[in-house]
Amino acid sequence: MTIKNIANVITKTEQSLAAVPLRVIAGIIFAAHGAQKLFAWFGGYGLEGTGQWMESIGLAPGFLMALMAGSAEFFGGLFLIVGLLTRPASFVLAITMVVAIFTTHIDNGLFMSNNGYEFGLALLAITLALVIQGGGKFSLDNVINRNLNKA
């Protein structure tokens, strides 16, 4: 399989507008949460504080886990906003949500009012939908895919 074929598979997307609100809204949410972890923006604790918390719940080494989760959320969120590498970014974000649900929220039940997993589950559903359909008509993936297939 050539690089062009791999890029074609990764950037292929449904020609629908349905992905736009999913991508943009989820992208903003993920990027903001990642910025909390990485840069201590928006009331977050940054890598040190988030790393210490992750270590305390058994995700060790905490600093590395905070760096990985924060990077997945921040950069994955930015990629979702513009629709670049939507499928791989969404897949990584889906895994991040599964880890968050099962390490932090599952014991608290469904509802957010009890720090439950409903928000993580909603984000998981969005990311899985984007893995399936891709970035949609108005995405950089679509532009890249169209240019790859010009001939």
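1. From the N terminus on, the elements of the protein chain follow the order α-α-α-α-α-α-α, and the secondary structure accordingly comes to 7 helices and 0 strands. The model under discussion is a predicted one, and the remarks below should be read with that in mind.

2. As to overall dimensions, the C-alpha trace of the protein chain spans about 55 × 30 × 30 Å along its principal axes. The radius of gyration is 17 Å, which agrees with the value near 15 Å that a compact globule of 151 residues would have. Buried residues account for 36% of the 151 residues in the chain, and of the contacts between residues at least 6 apart in sequence, 65% join residues at least 24 apart.

3. The largest nonpolar core has 12 residues in all, among them A19, A26, F30, L80, L93, M97, I101 and L130. Helix 2, helix 5 and helix 6 are the elements that give two or more residues to this core, and the largest share, 5 residues, comes from helix 5. A second, separate core consists of 9 residues, including L47, M54, A66 and F74. As general background, nonpolar side chains in soluble globular proteins tend to be buried together.

4. Helix 5 deserves a point of its own. Its buried residues are T86, R87, A89, S90, L93, A94, T96, M97, I101 and H105, and the elements that cover them include helix 1 (3-11), helix 2, helix 4, helix 6 and helix 7 (140-148).

5. The largest pocket has a volume of about 840 Å³ and is lined by 31 residues, of which K37, W53, E73, A100 and H105 lie nearest its centre. At least two residues of the lining are supplied by each of helix 2 (19-39), helix 3 (46-56), helix 4 (62-82), helix 5 (86-105) and helix 6 (118-133), with the largest share, 8 residues, coming from helix 5. Sorted by class, the lining holds 18 nonpolar, 11 polar and 2 charged residues.

6. G34 is found in helix 2 and is buried, with a relative accessible area of 0%. G34 and E48, by comparison, are 14 residues apart in sequence and 14 Å apart in space, C-alpha to C-alpha.

7. S16 lies in the loop between helix 1 and helix 2 and, at 27% relative accessibility, counts as partly exposed. Leaving aside its neighbours within four places in sequence, S16 is in contact with G136 and K137. The C-alpha atoms of S16 and I106, which are 90 residues apart along the chain, are separated by 34 Å.

8. Several features of the backbone geometry are worth a look by anyone preparing the model for further calculation. Most residues other than glycine have a negative phi, and most peptide bonds are trans. Here, a cis peptide bond joins A60 and P61, with omega about -5°, and P61 lies in the loop between helix 3 and helix 4. A40, in the loop between helix 2 and helix 3, has a positive phi near 60° although it is a residue other than glycine, and at 37% relative accessibility A40 counts as partly exposed. L85, whose place is in the loop between helix 4 and helix 5, likewise has a positive phi, of about 50°, without being a glycine; L85 is partly exposed, with a relative accessible area of 33%.

Key
Residues are numbered from 1 along each chain as its sequence is written. This is a predicted model: local features need pLDDT of at least 70, side-chain atom pairs count only at pLDDT 80 or more; totals for chains, interfaces and linings use all residues. Side-chain values use heavy atoms; hydrogens and water are left out. On a 1 Å grid over the protein atoms alone, a cavity is a set of points where a 1.4 Å probe fits but cannot get out, and a pocket is an open set with protein on both sides within 12 Å along at least five of seven lines; lining residues have an atom within 4 Å of a point. Grid points are joined across faces, edges and corners, and a volume is the space filled by probe spheres set on the points. Helices (H or I, at least four residues) and strands (E, at least two) are DSSP runs, numbered from the N terminus. Ala, Val, Leu, Ile, Met, Phe, Trp, Tyr, Cys and Pro count as nonpolar, Asp, Glu, Lys and Arg as charged, and the others, Gly among them, as polar. A nonpolar core is a set of buried Ala, Val, Leu, Ile, Met, Phe, Trp, Tyr and Cys residues joined through side-chain atoms within 4.5 Å. Buried means under 20% relative accessible area, exposed over 50%, partly exposed in between (1.4 Å probe, protein chains only). The radius of gyration is taken over C-alpha atoms; the globule rule is 2.2 Å times the number of residues to the power 0.38. Contact means heavy atoms within 4.5 Å.
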